[in-house]
Amino acid sequence: MIVAILGAGPAGMSCANACLSFGLTPVVIEQSGEIGGIQHGNFHPNLWLLGAPGETGREMSERMARHFVALPLTCLRHSRVTAVHGAAGNFTLELETPAGKQSLAAGAIVLATGTHPRDTPELAAMAENTERVIVGPLSETIRDDIRQARVLILGGGDNALDHALFLAERGNQVRVCTRRVFSARQPFQDACQANPSIELRDRCTPDSLHIDDEDARIVAAWGPIKVRYDWLLVMFGYLPNTGVLATFEPVLRPTLSASGHVVVDAWQRTSITGIYAAGDVTETPQPSVPTALAQGLVAARAAERDASAILIPD
Ligand SMILES: Cc1cc2nc3c(=O)[nH]c(=O)nc-3n(C[C@H](O)[C@H](O)[C@H](O)COP(=O)(O)OP(=O)(O)OC[C@H]3O[C@@H](n4cnc5c(N)ncnc54)[C@H](O)[C@@H]3O)c2cc1C
């Protein structure tokens, strides 16, 4: 049975690898040119994957990708799903690939599409117009270029405060503003409060933000007080990549949670028979690479177990 897997991050790669060992035929559809998912851009060490201490997210992702591309399977990069119809055991996916349009017949589908950084239309437009506004944490500019600068970070979670500490160590003056209260883990909050280069402000969203036409600096206004920043970092967390579900026939769209994640059971089954989901696109208590790898494996096992019941009904 062909299993169509959307996404070649840790969840999709693990699912494809496991499909092979369960006698299934995985076909992976990846919208980007990269294999490895969001960790491909992570220059920090992965603290949660046992067995490779000190290895950065990128190194880990490349190591997994090397294994994945050596597997006997089809992976369509730069490809996207444009329509899905049919039913469990007999789905048809319409695809746009670099080789042109094609149809894929699949017995099961696994959603492993991960997440993307949350923003607002205004901040997204600012980020389009200047490299001094950066949405999301995984940026080489943050790693390499921001030095001796005034930085405004919007957000109150782990990423916001982790980056405040990272930038303060590199000679920057950082103000972190959150809409409500800081939700970052307590050690980050304590370290930021103890650091004279970091100012934490809760309930402090700027009233307005704009780019100065003359020098491309960011001007933030709180009432009559205007402050200029060299950089603006937006760390609002992540949203699940479920846009592809709009291409699914309405009866094939799985139930989403209030936060927009795909709802799954312990076998990674969605509300639609024959459609599974794994990794960060699902409602997961602790999103991480090991979690995504495990969920990809479970989804493959579930597809294999369910296949006989779907293909040979009582
Ligand atoms: C800043 C940051 C730091 C982190 N640090 C760690 C850490 O130290 N340790 C750790 O274990 N975890 C860490 N994580 C979490 C970890 O990165 C994720 O849990 C993990 O990558 C989830 O894997 P995934 O396969 O579900 O999704 P992703 O890695 O996001 O991969 C999803 C893939 O699907 C593709 N895709 C999206 N939409 C479509 C579509 N419609 N069609 C086809 N393909 C599509 C994407 O291009 C991507 O390749 C971190 C996350 C972030 C954001």
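Contact between two parts is taken here to mean heavy atoms within 4.5 Å. The structure is a predicted model in which local features need pLDDT of at least 70 and side-chain atom pairs count only at pLDDT 80 or more, whereas totals for chains, interfaces and linings use all residues. Residues are numbered from 1 along each chain as its sequence is written, and side-chain values use heavy atoms, with hydrogens and water left out.

The chain is assigned two domains, domain 1 (2–116 + 238–311) and domain 2 (119–234), the bounds coming from an automatic or database domain assignment. Their centres, taken over C-alpha atoms, are separated by 33 Å. Eight residues of domain 1 are in contact with eight residues of domain 2. The size of an interface is often given as the accessible area lost when the parts come together. Buried area is accordingly the accessible area (1.4 Å probe) that two parts lose on being put together, summed over both. Between domain 1 and domain 2 this area is about 700 Å², and carbon and sulfur atoms give 63% of it. On the side of domain 1, Phe43, His44 and Tyr238 lose the most area to domain 2, together accounting for 64% of what that side buries.

One salt bridge is counted between the two domains, the term denoting a side-chain nitrogen of Lys or Arg within 4 Å of a carboxyl oxygen of Asp or Glu. Arginine 58 forms a salt bridge with glutamate 140, with 2.9 Å between the closest N and O atoms.

The ligand has 33 residues around it, of which Glu30, Gln39, Asn46, Asp280 and Val289 come nearest; a residue is included if one of its heavy atoms lies within 4 Å of the ligand. An oxygen atom of the ligand lies 3.0 Å from a backbone N or O atom of alanine 11. Taken alone, the ligand exposes 1,000 Å², of which the protein buries 89%; accessible areas come from the Shrake-Rupley method with a 1.4 Å probe.

Notes: A polar contact is a pair of N or O atoms within 3.5 Å; within protein, one must be able to donate a hydrogen and the other to accept it, and residues adjacent in sequence count only if both atoms are side-chain atoms.
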